[in-house]
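This briefing goes through one protein chain, from its overall makeup to single residues. Please keep the sequence and the model at hand while reading.

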Amino acid sequence: MKGNLKVSILNIFKGLFYGCALLTVAYITLELPLFNSIKLSLLGKSTVQKRVKEYGPKVNTNLKPLFLAKRVTYPPKDITLLYIKSQKTLSLFSTDQHGNPAFIKSYPVYAASGKSGPKLQEGDNQVPEGVYGIESLNPNSAYHLALRINYPTDFDKQMAKEDGRKKLGSDIMIHGKSVSIGCIAIGDEAIEELFVLAAQSNYKNWKVILSPVDFRKVQTAPEPKIFKPWVPKLYENISANVKTLPLN
């Protein structure tokens, strides 16, 4: 009898162990970008409103004091994001009550492929360079959440036309997780903050500056591997926008 009881208890623990292992594998699998469509089919798609309800309280608790400390209204009326390729940082700015740009915080960028130089075509794995905006929010991204950048702009298209280039690429995102090809990965907690902030403010008014270097500290950027005659004009515009922002 005792022997049977020991066997039964052992089987129970084995069952619990294998059950937990199976759940862990299933969770990790569904969290991988490759299996995002499977996760969505099983759990259903979310909406921007649902994501804000889910992450909003924590985000507002974290961000509101930072904005108020710089005398910026919260939610803010405007946002500027500055990504510095050479530093792998994404910094957040807004306008204070006196109309001056104020630094709020900076996020480390965990992954962003490419080097100094603008994006020229689909598949070159380059993060674009220029002054952009936020086109839309994706609450069902394979990389947790995402902000879509409005690349290519009219400038990008015009330069491509002059160069005779086609297939410029698209779907440039600021997203969660820590892996990326041609986009900007800032981790799940950071993208939750930007996603909620974008949803609670008019993200159509956001400015996103993607710069090869910090032009507040240096005068020139490394020459791109593939140089185009219009790059100096592009960098001049980026530099002018970067220099309007305060240092951290």
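The secondary structure of the chain comes to 6 helices and 9 strands; helices (H or I, at least four residues) and strands (E, at least two) are DSSP runs, numbered from the N terminus. The model is predicted, so local features need pLDDT of at least 70 and side-chain atom pairs count only at pLDDT 80 or more, while totals for chains, interfaces and linings use all residues. Residues are numbered from 1 along each chain as its sequence is written, and side-chain values use heavy atoms, with hydrogens and water left out.

**Chain as a whole**

- Of the 248 residues in the chain, 45% are buried; buried means under 20% relative accessible area, exposed over 50%, and partly exposed in between (1.4 Å probe, protein chains only).
- Among contacts in the chain with a separation of 6 or more, 64% are between residues 24 or more positions apart; contact means heavy atoms within 4.5 Å.

**Packing of α3 and α5**

- Two packed helices are described by the angle between their axes and the distance between the axes.
- Helix α3 (residues 48-69) packs with helix α5 (residues 188-200) at an angle of about 100 degrees, and their axes are 8 Å apart.
- Axes are lines fitted to C-alpha atoms, for helices over the stretch in contact, and angles run from 0 to 180 degrees between N-to-C directions.
- The pair α3 and α5 is therefore roughly perpendicular; angles under 35 degrees count as roughly parallel, over 145 as roughly antiparallel, 65 to 115 as roughly perpendicular and the rest as oblique.
- On the α3 side the contact includes Val48, Tyr55, Leu63 and Phe67, and on the α5 side it includes Glu189, Phe195, Val196 and Leu197.
- The residues of the contact of α3 with α5 divide into 10 nonpolar, 4 polar and 5 charged; Ala, Val, Leu, Ile, Met, Phe, Trp, Tyr, Cys and Pro count as nonpolar, Asp, Glu, Lys and Arg as charged, and the others, Gly among them, as polar.

- Tyr74 lies in the loop between α3 and β1 and counts as buried at 15% relative accessibility.
- Leaving out residues up to four places away in sequence, Tyr74 touches Val59, Asn60, Leu63, Lys64, Phe67, Leu197 and Gln200.
- From Tyr74 to Pro75 the peptide bond is cis, with omega near -5 degrees, and Pro75 is in the loop between α3 and β1 (80-84).
- The peptide bond from Tyr151 to Pro152 is also cis, with omega near 0 degrees; Pro152 is in the loop between β6 and α4 (154-163).

**Cavity**

- A search of the whole structure finds 1 cavity of 30 Å³ or more, and about 50 Å³ of space lies in the largest cavity.
- On a 1 Å grid over the protein atoms alone, a cavity is a set of points where a 1.4 Å probe fits but cannot get out, and lining residues have an atom within 4 Å of a point.
- Grid points are joined across faces, edges and corners, and a volume is the space filled by probe spheres set on the points.
- The lining of the largest cavity consists of Pro118, Lys119, Glu129, Tyr132, Tyr151, Asp156, Arg165, Leu168 and Trp230.
- By class, this lining has 5 nonpolar, no polar and 4 charged residues.

**Two lysines with positive phi**

- Lys167 has a positive phi of about 55 degrees although it is not a glycine; Lys167 is in the loop between α4 and β7 (173-175) and counts as exposed at 68% relative accessibility.
- Lys177 has a positive phi of about 65 degrees, again without being a glycine; Lys177 lies in the loop between β7 and β8 (184-185) and counts as buried at 18% relative accessibility.

**Other residues**

- Val127, in the loop between β3 (101-108) and β4 (130-132), is buried with a relative accessible area of 1%.
- Beyond its neighbours within four places in sequence, Val127 is in contact with residues including Tyr83, Lys119, Cys183 and Leu210.
- Thr89 is found in strand β2 (residues 89-95) and counts as buried at 19% relative accessibility.
- Tyr143, in the loop between β5 (134-141) and β6 (144-149), counts as partly exposed at 27% relative accessibility.

Definitions and conventions. On a 1 Å grid over the protein atoms alone, a cavity is a set of points where a 1.4 Å probe fits but cannot get out, and a pocket is an open set with protein on both sides within 12 Å along at least five of seven lines; lining residues have an atom within 4 Å of a point.
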